[in-house]
Amino acid sequence: MTIGVIEPLAFGAGLQIDSVWAIGIKYCGYWTSGGTYLPNSGTGVGVRISEKIRFMIFDNINYEMTAFHPYPDQDSKALINGGAIDINMGRESNLKDGFNVIWSLGVTATTGEGSALLVLPNLKLGFDVNF
């Protein structure tokens with residue numbers, strides 16, 4: 001679970017494939033351009049691929065893609081209403097069992113039906129439970 005600046009809330013589950021790679025799925029909300037409420041037309045399901053690295057204070061890099069679904073009050077027949085691409089680096093204790101605090105910094109691009117491309121830096125804070 002994370003909270004963030006451009007991705008206000010995310011819940012996910014994943015699997016550590018080996019000591020370097022992990023994959024997960026998430027349900028989350030993102031800001032999109034032109035919106036004034038939280039989240040605004042940017043809610044959906046995403047995939048996250050994490051790579052363990054060693055770079056200064058960072059120990060992982062995450063590649064995330066999310067497909068937004070239309071809200072019930074939108075007059076849209078599309079299955080996918082937009083999406084987000086998020087690349088971030090941070091610290092995670094993905095090889096350590098138990099409750100762990102995680103954080104990351106990155107850049108995120110979002111777009112939704114009827115909104116322009118929005119590219120912003122992103123800061124995420126959260127926790128994970130490994131078992």
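Where in the chain is Gly 42 found? Please carry on from there into the strands that follow.

Author: Happy to! A word on the source: this is a predicted model, in which local features need pLDDT of at least 70 and side-chain atom pairs count only at pLDDT 80 or more, while totals for chains, interfaces and linings use all residues. Residues are numbered from 1 along each chain as its sequence is written, and side-chain values use heavy atoms, with hydrogens and water left out.

Gly 42 lies in the loop between strand E3 (21–29) and E4. Strands here are DSSP runs marked E of at least two residues, helices are H or I runs of at least four, and both are numbered from the N terminus. Gly 42 counts as buried because its relative accessible area is 0%, and buried means under 20% (exposed is over 50%, partly exposed in between, with a 1.4 Å probe and protein chains only). Cys 28 is 14 residues away from Gly 42 in sequence, and their C-alpha atoms are 8.2 Å apart in space.

E4 spans residues 43–55 and contains Lys 52.

Next along is E5, residues 58–68, a mostly covered strand with eight of its 11 residues buried. E4 and E5 run antiparallel and are joined by 10 bridges; two strands pair if DSSP finds at least two bridges between them. One of these bridges links Val 45 to Ala 67 in E5. The hairpin of E4 and E5 has two residues between the strands, and Met 56 there takes a positive phi near 50°.

E5 is also joined to strand E6 (residues 82–91) by nine bridges, again antiparallel. Here Thr 66 has Ala 84 in E6 as its bridge partner.

To place this part in the whole: the chain has eight strands and zero helices, and 40% of its 131 residues count as buried.
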